[in-house]
Amino acid sequence: MTILTAALLILLQADSGAAPAGPSGTGAIAELLSNIGPVATGVLVLLLLASLYSWTIILGKVFSFRGATKETRRFLRAFRKATRLQEISTLAADCKASPLAQVFEDVYETYKRQTGGSGPPRNLNTLERSAQTAASEAITALERRMTGLATIASTPVYVGLFGTVVGIIDAFHGLGTAGSATLRAVAPGISEALITTAAGLFVAIPALVAYNQLTARIRVFAGATDDFCRELLNSLEEIPARTAASRSSLPAGPDGAREVERGVY
């Protein structure tokens, strides 16, 4: 429709002769904006609000994911080097932004309820369910407000198209009112149509690109969280074997056994 409208403008300009030169650049845009109708103004205001909201989400997610990535790397390095669960728990409290730390805290709380904080776990199935629930909650928190960004990525094009249709209707109405096919009669309506179309694309394209990039980052976090859940459960599952090996290396007696449980776990 826009292509046909542009062709119509060329024909009208050819029929009406040379038109007087108008302002160019920023001044022309400002003049067009000052002359648009109420419907086009409402469309532009709506698109402006959508753009501000989308950029708020985008910038917030960028900084949030950057912090989560940094803390995840820090926590994972410490987890693989630590020898006691209590040490990891202390670090997890300082890495709240990391989904891995959130998973560890929930699983560790379940482990402490089972064992009191030391010794082999009594029920690995319970720990596995706790890990799955914590991982789902952590990823859900990362996905917060992504639905709004997806809506902004797909809707503004149609909002701009609505302004385009209204602008073309105004152009034909001006053409009928003038009674002659002149560029002056259709220019205001056509300018509204083009401005709203451009505004819709200006809002939708950055939101769409950002949504795809942020969704890819969330998938990376989800994969890393699933891998960590398996790694954590494997570590907890190995506790009985490590306990038996440690006890066999110490003199027999209740004091020695207690020392192993207290020192290793």
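Let's start at Arg145, which sits in the loop between α6 (124-142) and α7. Numbering starts from 1 along each chain as its sequence is written, and side-chain values use heavy atoms, leaving out hydrogens and water. This is a predicted model, where local features need pLDDT of at least 70, side-chain atom pairs count only at pLDDT 80 or more, and totals for chains, interfaces and linings use all residues.

Arg145 is not a glycine, yet its phi is positive, about 75°. For the cut-offs, buried is under 20% relative accessible area, exposed is over 50%, and partly exposed lies in between, using a 1.4 Å probe and protein chains only.

Next, helix α7, residues 146-154. Its buried residues are Met146, Leu149, Ile152 and Ala153. These lie on the same side of α7, because they cover an arc of only 120° around the axis. That arc is taken from the directions from the helix axis to the C-beta atoms.

Now the whole protein chain. There are 11 helices and 0 strands. Helices are DSSP runs of H or I with at least four residues, strands are runs of E with at least two, and numbering goes from the N terminus. Of the 265 residues, 36% are buried. Take contacts between residues at least 6 apart in sequence: 72% of them join residues at least 24 apart. Contact here means heavy atoms within 4.5 Å.

Helix α3 covers residues 38-81, and helix α4 covers residues 85-92. Their axes come within 10 Å and cross at roughly 170°. So α3 is roughly antiparallel to α4. The axes are lines fitted to C-alpha atoms, for helices over the stretch in contact, with angles from 0 to 180 degrees between N-to-C directions. Under 35 degrees is roughly parallel, over 145 roughly antiparallel, 65 to 115 roughly perpendicular, and the rest oblique.

Which residues meet there? From α3, Arg74, Phe75, Ala78 and Phe79; from α4, Ile88, Leu91 and Ala92. By class, that contact has 6 nonpolar residues, no polar ones and 1 charged. Nonpolar covers Ala, Val, Leu, Ile, Met, Phe, Trp, Tyr, Cys and Pro; charged covers Asp, Glu, Lys and Arg; the others, Gly among them, are polar.

Last, cysteines. Cys95 is buried, at 0% relative accessibility. Cys229 is buried too, with a relative accessible area of 8%. How many disulfides are there? The count is 0, taking a disulfide as a pair of cysteine sulfur atoms within 2.5 Å.
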